[in-house]
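Subject: Structure for your review

Dear colleague,

Please find below the structure that I am handing over to you. My notes on what was found in it follow directly after.

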Amino acid sequence: MAGKFLIAGVGNIGLEYKDTRHNIGFMVLDNLIKGSDTIFSLERLAYRAQMSYKGRELILIKPTTYMNLSGRALSYWINKENIPIENTLVVCDDIAIPFGTLRMKMKGSDGGHNGLYNIGEVLETFNFPRLRVGVGRDFAPGEQVDYVLGKFESEQQSSLSPILERAKRAILDFVFIGAERAMNICNTNCP
């Protein structure tokens with residue numbers, strides 16, 4: 001399964017969105033390159049970085065299109081880098097699963113996530129791999145937007161580092177041992 005992979009961490013650009021629940025995809029990618037000489041640079045429709053892992057080439061993007069228009073950036077970079085959809089992994093937040101839980105799927109619906117909806121709409125398929133990072137559902141009816149655009153509570157912030165490390169491991173497994181095995185490991189070992 002050697003080759004080239006696109007890892008897209010979705011979120012919203014701007015200081016007002018930094019470290020919010022909706023930006024966990026950005027946080028995962030920032031953690032992925034931490035400690036290396038890899039850096040993100042502003043390119044067309046995204047902050048882009050490139051790294052290698054065990055003979056695999058990883059193109060990392062953090063779209064600058066804002067969450068709800070993430071599909072434009074993914075479509076552009078998939079085509080520019082000539083990366084097959086099955087080698088594309090979208091990393092996003094998910095309120096439907098508990099805080100800190102990771103779930104990898106090879107395809108599925110948008111689950112009410114506007115970023116995933118736009119990606120599926122632009123790519124004309126929902127058959128793309130995704131790594132969903134649980135941010136919990138601790139909000140009253142009608143307060144979902146404020147919740148996902150809010151920052152993690154202090155006790156959650158102290159738990160973020162191991163969550164980001166598990167997400168890093170899941171991404172590296174995805175590119176090295178393959179999607180199916182990575183999904184089984186992630187979904188079994190990431191409560």
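Which residues does Asp94 touch, not counting residues up to four places away in sequence? They are Arg132, Val133, Gly134, Val135 and Gly136. Asp94 itself belongs to strand S5. Its relative accessible area is 12%, and a residue counts as buried when that value is under 20%, so Asp94 is buried.

Before going further, please keep in mind that this is a predicted model. The mean pLDDT of the protein chain is 93, and 98% of its residues reach 70 or more. Confidence is highest in strand S1, at a mean of 98, and lowest in helix H5 (residues 154–157), at 88.

Helix H1

Helix H1 covers residues 24–33. Of its 10 residues, 9 are buried, and the helix is therefore described as mostly covered. The buried ones are Ile24, Gly25, Phe26, Met27, Val28, Leu29, Asn31, Leu32 and Ile33.

Leaving aside neighbours within four places in sequence, Ile33 is in contact with Thr38, Ile39, Phe40, Met51 and Leu60. Ala140, by comparison, is 107 residues from Ile33 in sequence, and the two C-alpha atoms are 36 Å apart in space. After H1 comes Gly35, which has a positive phi near 85°.

The side chains of Lys62 and Asp30 are joined by a polar contact of 2.7 Å. Leaving aside neighbours within four places in sequence, Lys62 is in contact with Gly9, Phe26, Leu29, Asp30, Phe40, Ala46 and Tyr47.

The second largest pocket holds about 280 Å³ of space. Of the 14 residues that line it, Lys18, Asn23, Phe26, Asp30 and Lys62 are the closest to its centre. Helix H1 gives the largest share of this lining, with 3 residues. By class, the lining of the second largest pocket consists of 7 nonpolar, 3 polar and 4 charged residues.

The largest pocket

How much space lies in the largest pocket? The value is about 430 Å³. There are 25 lining residues, and those closest to the centre of the largest pocket are His22, Gly112, His113, Asn114 and Gln144. At least two residues of the lining come from each of S5, helix H3 (114–123), S7 and helix H4 (144–148). The lining of the largest pocket divides into 9 nonpolar, 10 polar and 6 charged residues.

Strand S7 and Leu131

Leu131 is found in strand S7. With a relative accessible area of 0%, Leu131 is buried. Leaving aside neighbours within four places in sequence, Leu131 is in contact with Leu89, Val90, Val91, Cys92, Leu102, Arg103, Met104, Ala167, Ala170, Ile171 and Cys186. Asn12 is 119 residues from Leu131 along the chain, and their C-alpha atoms are separated by 17 Å.

Two loop residues with positive phi

Which value does phi take at Leu45? It is near 65°, a positive value in a residue other than glycine. Leu45 sits in the loop between strand S2 (41–43) and S3, and at 18% relative accessibility Leu45 counts as buried, because the cut-off is under 20%. Lys54 also is not a glycine, and its phi is positive, about 50°. The place of Lys54 is in the loop between S3 and S4.

With kind regards

Conventions
Residues numbered from 1 in each chain as written. Predicted model: local features only at pLDDT ≥ 70, side-chain atom pairs only at ≥ 80, totals over all residues. Heavy atoms only, no water. Helix = DSSP H or I, 4+ residues; strand = E, 2+ residues; numbered from the N terminus. Contact = heavy atoms within 4.5 Å. Buried < 20%, exposed > 50% of the residue type's maximum accessible area, 1.4 Å probe, protein only. 1 Å grid on protein atoms, 1.4 Å probe; cavity = no way out; pocket = protein on both sides within 12 Å on 5 of 7 lines; lining within 4 Å. Points joined across faces, edges and corners; volume = space filled by probe spheres on them. Nonpolar A, V, L, I, M, F, W, Y, C, P; charged D, E, K, R; others polar. Polar contact = N/O pair within 3.5 Å; in protein donor to acceptor, adjacent residues only side chain to side chain. pLDDT = per-residue confidence, 0-100.
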